[in-house]
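Work through these exercises with the model in view. Try each task before you read its solution.

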Amino acid sequence: MTDHTVDLDKHRGMAAQKATDLRRALAEVETHVRDLREREAELENRMLTVPAMSWPEAAVKARHLLNLYAASLPVEDTRHRALVAALLDDFARLGGES
């Protein structure tokens with residue numbers, strides 16, 4: 001036995017290396033997606049359990065809900081997408097955001 005490790009990736013063909021890289025990248029993306037969904041669920045649970053103490057806090061909740069709604073709209077539904085965008089612009093303008 002030797003004290004140095006063998007890099008098995010160097011002994012594979014180019015196609016096998018690419019396939020391995022793709023599998024690793026996909027696994028990393030899936031982990032990030034799972035983490036993001038868990039964080040989003042935690043945020044939504046907090047939004048459900050903690051009442052807004054001001055209009056700006058309520059607007060934050062409404063923004064989140066509008067973004068979820070807009071994401072579910074079909075691409076061709078430009079009218080509703082424009083309405084959501086206009087309302088988000090109103091929130092920003094009335095909330096003093098730039």
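**Exercise 1. Which side chain does Arg93 meet in a salt bridge, and at what N to O distance?**

Solution. Start with the basis of the values. This is a predicted model, in which local features need pLDDT of at least 70 and side-chain atom pairs count only at pLDDT 80 or more, while totals for chains, interfaces and linings use all residues. Residues are numbered from 1 along each chain as its sequence is written, and side-chain values use heavy atoms, with hydrogens and water left out.

Step 1. Recall the rule: side chains of opposite charge can pair when their charged atoms come close.

Step 2. Apply the cut-off. A salt bridge is a side-chain nitrogen of Lys or Arg within 4 Å of a carboxyl oxygen of Asp or Glu. The side chain of Arg93 meets that of Asp90, at 2.9 Å from N to O.

Step 3. Arg93 and Asp90 are three residues apart in helix 3, so about one helical turn separates them. Helices (H or I, at least four residues) and strands (E, at least two) are DSSP runs, numbered from the N terminus.

Step 4. Check the surroundings. Buried means under 20% relative accessible area, exposed over 50%, and partly exposed in between (1.4 Å probe, protein chains only). Arg93 counts as exposed because its relative accessibility is 56%. Asp90 has 30%, so Asp90 counts as partly exposed.

Step 5. Search the whole structure. One salt bridge is found.

**Exercise 2. How many helices and strands does the protein chain have?**

Solution. Step 1. Count the elements: three helices and zero strands.

Step 1. Read their order. From the N terminus on, they run α-α-α.

Step 2. Look at burial. The protein chain has 98 residues, and 12% of them count as buried.

Step 3. The protein chain exposes about 8600 Å², of which carbon and sulfur atoms supply 61%. Such areas come from the Shrake-Rupley method with a 1.4 Å probe; for residues, only the protein chains shown count as cover.

Step 4. Take the contacts (heavy atoms within 4.5 Å). Of those with a separation of 6 or more, residues 24 or more positions apart account for 27%.

**Exercise 3. Which residues of helix 2 are buried?**

Solution. Step 1. Check the length. The expected span is 1.5 Å times one less than the number of residues. For the 18 residues of helix 2 that gives 26 Å, and the end C-alpha atoms are 26 Å apart, so the two agree.

Step 1. List the buried residues: Ala59, Arg63, His64, Leu66 and Ala70.

Step 2. Look down the axis. The buried residues of helix 2 fall within an arc of 165°, so they line one face. The arc is that of the directions from the helix axis to the C-beta atoms.

Step 3. Find their partners. These residues pack against helix 1 (14-49) and helix 3 (78-94).

Step 4. Turn to the other side. Leu65 and Ser72 are exposed there.

Step 5. Look at Trp55, which also lies in helix 2 (residues 55-72). Trp55 counts as exposed because its relative accessibility is 75%. Trp55 and Gly95 are 40 residues apart in sequence, yet 8.9 Å apart from C-alpha to C-alpha.

**Exercise 4. Which residues of helix 3 are buried, and which helix do they pack against?**

Solution. Step 1. Recall the geometry: an α-helix has 3.6 residues a turn, so residues three or four places apart point the same way.

Step 1. Name the buried residues: Val84, Leu88 and Ala92. They fall within an arc of 80° seen down the axis of helix 3, so they line one face.

Step 2. Name the partner. The buried residues of helix 3 pack against helix 2.

Step 3. Read the face turned away. Arg79, Asp89, Arg93 and Leu94 are exposed there.

Step 4. Go just past helix 3. Gly96 takes a positive phi of about 80°.

**Exercise 5. Is Leu73 buried or exposed?**

Solution. Step 1. Locate Leu73 in the loop between helix 2 and helix 3.

Step 1. Compare with the cut-off. Leu73 has a relative accessible area of 10%, so Leu73 is buried.

Step 2. Set aside neighbours within four places in sequence. Leu73 is then in contact with His80 and Arg81.
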